[in-house]
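Visitor: I am new to this structure and would like to learn how to read its features one at a time. Could you take me through it slowly?

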Amino acid sequence: MMRTAMPSYSLFEYERDLAGAELEALSGQRLTAADIAARLTFAASVEGLPTEQFRVEARHHALRGTRSTRQATRYLVHGLHEYKGKFNPQMARALINAVDPSATSLLDPFCGSGTTVVEGRRLGLNAAGIDQNPLARWMAEVKAQTLSYAGLTGIASRFETLVSSVCEAMKVAQDGAEAPTPPQVESRDDVYLRTWFPEPVLAALWAGLAIIEQGDEPLRDVARLCLSNIIRQVSWQLPEDLRVRRRPPDWCWPNVAEHFSVSADRGALALSELETMQGTALGEARILFGSSREPETVGRAFYPGRRLVVTSPPYATALPYIDTDRLSIVLLGLDSSGQLRNLEQSLTGSREWNAAEARAWARRRAANQDELPADLQELLSLIAQRNADTGAGFRRAAVPNLLYRYFAQMADTLSALRLHLTAGEAAVFVVGTNRTGAGNAQTLIDTPALLASVARTRGYSVERILPFQTWARYGMHSRNAVNSESAVILKAEA
């Protein structure tokens, strides 16, 4: 085994496990020390050679004047947007190395903001992603494409010039107060946006977008991404709440240009980091809009070669992703306001459905039409009985059927992936536990174990369930937060 030095920051126990696993897996590939240094995640050096990951994180800290004793998770393009539910990039990178270092084709079927795709490209894999959220799909595409600008000098200064012009236009527009509707904005979306933004704020946002459209091709989407990052902060939507709730009527709206400037400064630093990347052989990338429950979509996404799936799907009680992102979706023209409810309902793990759908899924659960395993059915019956015993309201009473739908949808994704995986190829799902119920009558939803049980019925063997430690959650969502998560490592059976 080659001699390595650990990073300057402390590692969680699972990170130490992954560090050993990725070193062991890469050492079995007959790679040189330089090759292994280019790939390792949780190491500062290999046989005295600095790792590529160490250099990237060190440059990230140096540009910001921050301490290298803390793990950097927003290096390169990962810090362009504070997307909710974002995958830890070191975790994605280490899992790729540890589970199948010989893979050449990577797929994240729930790609979100594209973390796994970016890390796969950095490791030289051809990486693909699928997502049903139009903002997530676009964001992943922008981040994957922006990574291609590695080594391109002067891109950060060009971006700063564009940002300066955008900020100036925003200031003038916000001072003018009136927000004329751009010609590409449909009347229904115009009314919707005016409901959720003060007129001076909307004037500034539209003026900024108009200037961004005049920018260079490589920079326009980065600027839009930085703008998307501030949209909730400058809207009537309460930014710290993931659901749709309005601020109090006495809220004083902020200076849009100042908020955008702060977000864009982070974007400029990310581009500066990319300028220093030299000689990195990136894999190809593509991002598809669609559902990973559809075998045809999965087939179009995969690149040829030895295949590997690494993903962090929505958990059993998912974040309200569309509610969280809806203003960006409409303002950036990614979809219309009239489609938001349909988008939310279509997502795996959604808690949204109409009365007819609720009745249909209740019948499906009663008959177990999706042939889900017995241990899952027993848990759902237990939750239903406890809800009945405690007089649960309609939201908690719906949980058993919502959970049944979630696992049925995950079973469809597992089946779609299995059609395109060869025996022995691996799939990794990082999911967390949840709980439901009131007071002392709460019931644990062990999603990793339950997903593993479902996978066994869809043509997979379970190689390992690797538990992770998670950060403590605070604030208004801590009561329902995920308090542990695990990587469920599967292999396609013959």
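This is a predicted model: local features need pLDDT of at least 70, side-chain atom pairs count only at pLDDT 80 or more; totals for chains, interfaces and linings use all residues.

Visitor: What is the volume of the second largest pocket, and which residues are the closest to its centre?

Guide: The volume of this pocket is about 330 Å³. Of the 16 residues in its lining, those closest to the centre are Gln-184, Val-185, Leu-331, Leu-332 and Gly-333. Two elements, α9 (199–212) and α13 (321–331), each give two or more residues to the lining, and the largest share, 3 residues, comes from α9.

Visitor: How many aromatic pairs does a search of the whole structure find?

Guide: The search finds 5 of them. In one, the ring centres of Tyr-14 and Phe-468 are 4.3 Å apart and the planes meet at 40°, so this pair is tilted. The pair also links distant parts of the chain, since Tyr-14 belongs to helix α1 (residues 13–27) and Phe-468 to strand β11 (residues 460–468), 454 residues apart.

Visitor: Are Tyr-14 and Phe-468 buried or exposed?

Guide: Both Tyr-14 and Phe-468 are buried. Ring pairs also join these two with Phe-12 in a cluster.

Visitor: Which charged residues sit over the ring of Trp-196?

Guide: Arg-246 places its charged end over that ring, 4.8 Å from the centre, and Arg-326 lies over the face of Trp-196 at 4.0 Å from the ring centre.

Methods: Residues are numbered from 1 along each chain as its sequence is written. Side-chain values use heavy atoms; hydrogens and water are left out. On a 1 Å grid over the protein atoms alone, a cavity is a set of points where a 1.4 Å probe fits but cannot get out, and a pocket is an open set with protein on both sides within 12 Å along at least five of seven lines; lining residues have an atom within 4 Å of a point. Grid points are joined across faces, edges and corners, and a volume is the space filled by probe spheres set on the points. Helices (H or I, at least four residues) and strands (E, at least two) are DSSP runs, numbered from the N terminus. Rings of Phe, Tyr and Trp (its six-membered ring) pair if their centres lie within 6.5 Å; planes under 30 degrees apart count as stacked, over 60 as edge-to-face and the rest as tilted. Buried means under 20% relative accessible area, exposed over 50%, partly exposed in between (1.4 Å probe, protein chains only). A charge sits over a ring if NZ of Lys or CZ of Arg is within 6 Å of the ring centre and within 35 degrees of the ring normal.
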